[in-house]
Amino acid sequence: MFDKILIANRGEIALRVVRACREMGIQSVAVHSTADSDAMHVRMADEAICIGPPPSTQSYLSVPAIISACEISGAQAIHPGYGFLSENASFVQIVEDHDLKFIGPSAEHIRMMGDKITAKDTMKELGVPCVPGSEGGVDSVEEALKIGEDFGYPVIIKATAGGGGKGMKVANSAEEMPTAFQTARAEGKSNFGNSEVYIEKYLTLPRHIEVQIFGDGKGNAVHLGERDCSLQRRHQKVFEEAPGPAISAETRAAIGKTCADAMAKIGYSGAGTIEFLYENGEFYFIEMNTRLQVEHPVTEAIFGVDLVREQIRVAQGESLSFTQDDLKVNGHAIEVRINAERLPDFAPCPGRITQYHAPGGLGVRVDSGLYDGYSIPPYYDSLIGKLIVHGRDRPEALARLNRALGELIVDGIDTTVPLFHALLAEPDILSGDYTIHWLEEWLAKLA
Ligand code: ADP
């Protein structure tokens, strides 16, 4: 059993892990850059170690600094959160070589799913439905044009190493293909050091539906239903809900079983998310994330489980604390991402918080490191908080979201809160009738 866990992350997710550790009686060690000395995760953890200057490459991504912090503090395990080193297979290998435990899946599974072409091939073999497209990588414009013709336009060219919406380009016609192909390759190379790309049919009216899975690393796995994360801007999620408004209990059970069986078969360990596009009643696998997702709290709300606690248990070699039969959907949950961004162009807006008041009451959860007087540093992601509401059904969750947003005060900077007030006045949002293109089209109309 672990006595001490080091959290190789910052912001709300680092706090989230500190909270789980405290409830489990485990000491927590925060690491931070010099820009984050005053951050809440540093204040709340039992110990804190400065690991470098502001740029993440010299702090939150510095493997030697993080390993040294473990050795100095005597932490036995590392929780990576999301982003940063959470899906870096070589980091996992180094952690294990130092006799430390990585709280997450094996390096092998991270590597398998981190390369999108390998991930798709694996999922296909495991019987998971995939988006139709090229067999593996596509090396030339000529080959890309041939695929465009075979599958019919539009198609999407995707970097195999891509993530965070980078390295993806749509080609609507053969004329657009050469530029789209070269741009996707160039983005893959510059952002991820890998120019390999593959091609998929571009689905025009899908929803983004992702299935939460959990494996014990011993051949057992369960699913915790789905989240609908279709409301996206530039392929980045802003509003997530569970269960999905378009998914029936039968559909959930069927796709959930497909995913859980696949994960059991490969002996997956810990939390994972299998992402699909869902169109005309069919699921198409797009990628798997081998970590905890930003939007995990909506799943926690409807199933009443603590996913971080479960990750820690599994990493300690314990079995899952629930079986598939124990997992019953209870009500409806919605999360909105509060970003330090100025509308309408979503420009990053770091700065000093002059006044902060978090909403509360029945069914309201706020995961955030904000406090009065806190200065948001300009070096990192703009996510500064998540507001999660839970109700007995979707209308109740929506009403609660409206009420909670009204109580929230974040003064001194601009945030995405006005976006959510506006969305809650839209009939399509209230009825749950939206696809992955809805938000961009709606924003374009406002511009
Ligand atoms: P990333 O790893 O960068 O997040 P994903 O493969 O998960 O990339 O795709 C992110 C988003 O891009 C999806 O949620 C969807 O909105 C869009 N997308 C990806 N593949 C397709 C496709 N074949 N057709 C239509 N949209 C797609």
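How many nonpolar, polar and charged residues does the shell around the ligand have? The shell has 9 nonpolar, 7 polar and 3 charged residues, where Ala, Val, Leu, Ile, Met, Phe, Trp, Tyr, Cys and Pro count as nonpolar, Asp, Glu, Lys and Arg as charged, and the others, Gly among them, as polar. The model is predicted, with local features requiring pLDDT of at least 70 and side-chain atom pairs counted only at pLDDT 80 or more, while totals for chains, interfaces and linings use all residues. Residues are numbered from 1 along each chain as its sequence is written.

**View 1. The shell around the ligand.** Of the 19 residues around the ligand, those that come nearest are Glu200, Leu203, His208, His235 and Ile436; a residue is near a molecule if its C-beta atom, placed from the backbone, lies within 6 Å of it. Two or more residues of this shell are given by each of β6 (155-163), β12 (269-279) and β13 (282-289), and the largest share, 3 residues, comes from β6. Helices (H or I, at least four residues) and strands (E, at least two) are DSSP runs, numbered from the N terminus.

**View 2. The packing of helices α4 and α5.** Helix α4 (residues 89-97) and helix α5 (residues 107-114) pack at an angle of about 175°, and their axes are 8 Å apart; axes are lines fitted to C-alpha atoms, for helices over the stretch in contact, and angles run from 0 to 180 degrees between N-to-C directions. The two helices, α4 and α5, are therefore roughly antiparallel to each other, a term used for angles over 145 degrees. On the α4 side Ala89, Val92 and Gln93 meet Ala107, Ile110, Arg111 and Gly114 of α5, contact being defined by C-beta atoms, placed from the backbone, that lie within 7 Å. The residues of this contact divide into 4 nonpolar, 2 polar and 1 charged.

View 3. Phenylalanine 84, in the loop between β4 (77-79) and α4, has a phi near 40°, a positive value in a residue other than glycine. Aspartate 99, found in the loop between α4 and β5 (101-102), likewise has a positive phi, near 60°. Phenylalanine 84 counts as buried because 21 C-beta neighbours lie inside 10 Å, whereas aspartate 99 is exposed, with 8 other C-beta atoms within 10 Å. A residue is buried if 20 or more other C-beta atoms lie within 10 Å of its own, exposed if 12 or fewer, and partly exposed in between, with C-beta atoms placed from the backbone.

View 4. The peptide bond from tyrosine 153 to proline 154 is cis, with omega near -5°, and proline 154 has its place in the loop between α7 (141-151) and β6. Alanine 242 and proline 243 are also joined by a cis peptide bond, for which omega is about -5°; proline 243 lies in the loop between β11 (236-242) and α9 (249-266).

**View 5. The surroundings of glycine 304.** Glycine 304 is found in the loop between α10 (296-303) and α11 (307-315) and, with 13 C-beta neighbours inside 10 Å, counts as partly exposed. The C-alpha atom of glycine 304 is separated by 8.8 Å from that of valine 329, although these residues are 25 residues apart along the chain.

Definitions and conventions: Parallel < 35°, antiparallel > 145°, perpendicular 65-115°, else oblique. Contact = placed C-beta atoms within 7 Å.
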